[in-house]
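Open the model in your viewer and keep the selection panel at hand. The stops below say what to select next and what is there.

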Amino acid sequence: MAWDGERDELARACRRVAGAGLVVGTAGNLSLRVGDHVVITPTGGVLGELAAGDMSVVDLDGELVDGELAPTSEVPLHLGVYRSQPLAGAVAHAHALASTAVSCVHDELPPIHYTILQLGGAIRVAPYATFGSDELAANVARALDGRTAALMQNHGSVAYGGGIAEACDRLELLEWHAELYQRSVALGMPRVLSDQELEDVVLAAIAKRYGTTQKARP
Ligand SMILES: [Zn+2]
């Protein structure tokens, strides 16, 4: 079967996001780009139970080119991310609980913890539109400007990465930030980091090569 390795990689990523509790049942969809093609989860499949052979393959116009099952109804969302984000090699979308809760109430997830910079900064909430619509895809593409993740109003969360593991990492990180925000609000009004504080974090991260393992100095 064509795209064997990618199908298998995608099935493993599906089990991962299901295992992490980011999706319930058939909610959520993942894809990864291979040149002019996109390997993507099928519509109606329970994400945590999908096998490599269940994956669909579409071209960049959304036409099915391989696979037994019809692709997810969110094909326009995925293609919109690939079109608008040149660095996107994979996309992950879920109805993760805390992320979805924030999307129902706010227009933006504010930066209250510096690791939100790994997603590009404060997370925008893309305005609501019907699932699977071109309008929703366009709203999400706009919300991703300068970001690697976004919330979707009254719907869920989406993230992209160079590969599917990175896209899932970011989806999980976004959910952590949404959860953190919810818990903080339960205690009181959380303090939001200032632009200057965020800029200082970027400078410190560059100077200290934050996020990479480094040899200990003797
Ligand atoms: Zn959805």
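Two residues are in contact here when heavy atoms lie within 4.5 Å. The model is predicted.

**Stop 1: helix H4**

Select residues 134-143, which form helix H4. Its buried residues are Leu136, Ala137, Asn139, Val140, Ala141 and Ala143. These buried residues of H4 pack against helix H2 (75-84) and against E7, E8 and E9. H4 lies across those strands, E7, E8 and E9, and runs at about 165° to E7.

**Stop 2: histidine 78**

Move to helix H2 and pick histidine 78. Is this residue buried or exposed? Histidine 78 has a relative accessible area of 0%, so it is buried. Beyond its neighbours within four places in sequence, histidine 78 is in contact with Asn29, Leu30, Ser31, Ile40 and Val91.

**Stop 3: the sheet**

Show the strands as a cartoon. There is an open sheet of 9 strands with mixed pairing, in the order E4-E3-E2-E1-E5-E9-E8-E7-E6. Its edge strands are E4 (64-66) and E6 (108-109), each of which pairs on one side only. Strand E3 (residues 56-59) pairs with E4 in the antiparallel sense over 2 bridges, and valine 58 has leucine 64 in E4 as its bridge partner. On the sheet packs helix H3, which touches E6, E7, E8 and E9 and whose direction makes about 65° with that of E8.

Now go to E1. E1 pairs with E5 in the antiparallel sense over 4 bridges, and leucine 30 stands opposite alanine 92 in E5. E1 also pairs with strand E2 (residues 37-40), again antiparallel and over 4 bridges. In E2, valine 38 is the bridge partner of arginine 33. The hairpin of E1 and E2 has 2 residues between the strands, and glycine 35 takes a positive phi near 60° in it.

**Stop 4: the zinc ion**

Which atoms coordinate the ion? They are NE2 of His93, NE2 of His95 and NE2 of His155, at 2.1 Å. Along the chain the donors follow the spacing H-x1-H-x59-H. Histidine 93 lies in strand E5 and histidine 155 in the loop between E8 and strand E9 (156-161), so this pair ties together parts that are 62 residues apart in sequence. Histidine 93 and histidine 155 are both buried.

**Stop 5: the nonpolar cores**

Colour the nonpolar side chains. The largest nonpolar core has 37 residues, and Leu30, Leu109, Ile123 and Ile164 have the most contacts inside it. At least two residues of this core come from each of helix H1 (4-19), strand E1 (29-34), strand E5 (90-94), helix H3 (97-105), strand E7 (123-126), strand E8 (149-152) and helix H5 (164-187). H5 gives the most, with 8 residues. A second, separate core has 20 residues, including Val81, Val91, Leu144 and Ala150.

Centre the view on leucine 109. Setting aside neighbours within four places in sequence, its contacts are Val102, Ile116, Ala122, Ile123, Leu151, Leu174, His177, Ala178 and Tyr181.

**Stop 6: isoleucine 112**

Next, find isoleucine 112 in the loop between E6 and E7. Isoleucine 112 counts as buried because its relative accessibility is 17%, and the cut-off for buried is under 20%. With neighbours within four places in sequence left aside, isoleucine 112 is in contact with Leu180, Tyr181, Ser184, Pro190, Arg191, Val192 and Leu193. A distance to display is the one between the C-alpha atoms of isoleucine 112 and serine 194: 9.1 Å, for residues 82 apart along the chain.

**Stop 7: salt bridges**

How many salt bridges are there? The count comes to 7. In helix H1, arginine 12 and aspartate 8 lie 4 residues apart, about one turn of the helix, and their side chains meet in a salt bridge at 3.6 Å, N to O. Arginine 12 is partly exposed at 47% relative accessible area, as is aspartate 8 at 35%.

In helix H5, select glutamate 179 and arginine 183, also 4 residues apart; their salt bridge spans 3.0 Å, N to O. Glutamate 179 counts as partly exposed at 31%, whereas arginine 183 is exposed at 58%.

Another salt bridge joins glutamate 197 and arginine 191 at 2.4 Å, N to O. Glutamate 197 is partly exposed, with 28% relative accessible area, and arginine 191 is exposed, with 53%. To finish, select Arg16, Asp169 and Glu172, which are linked in a network of salt bridges.

Definitions and conventions: Residues are numbered from 1 along each chain as its sequence is written. This is a predicted model: local features need pLDDT of at least 70, side-chain atom pairs count only at pLDDT 80 or more; totals for chains, interfaces and linings use all residues. Side-chain values use heavy atoms; hydrogens and water are left out. A nonpolar core is a set of buried Ala, Val, Leu, Ile, Met, Phe, Trp, Tyr and Cys residues joined through side-chain atoms within 4.5 Å. Buried means under 20% relative accessible area, exposed over 50%, partly exposed in between (1.4 Å probe, protein chains only). Two strands pair if DSSP finds at least two bridges between them. Donors are N, O and S atoms within 2.8 Å of the metal (3.2 Å for Na, K and Ca); water is not among the atoms, so sites may look incomplete. Axes are lines fitted to C-alpha atoms, for helices over the stretch in contact, and angles run from 0 to 180 degrees between N-to-C directions. A salt bridge is a side-chain nitrogen of Lys or Arg within 4 Å of a carboxyl oxygen of Asp or Glu.
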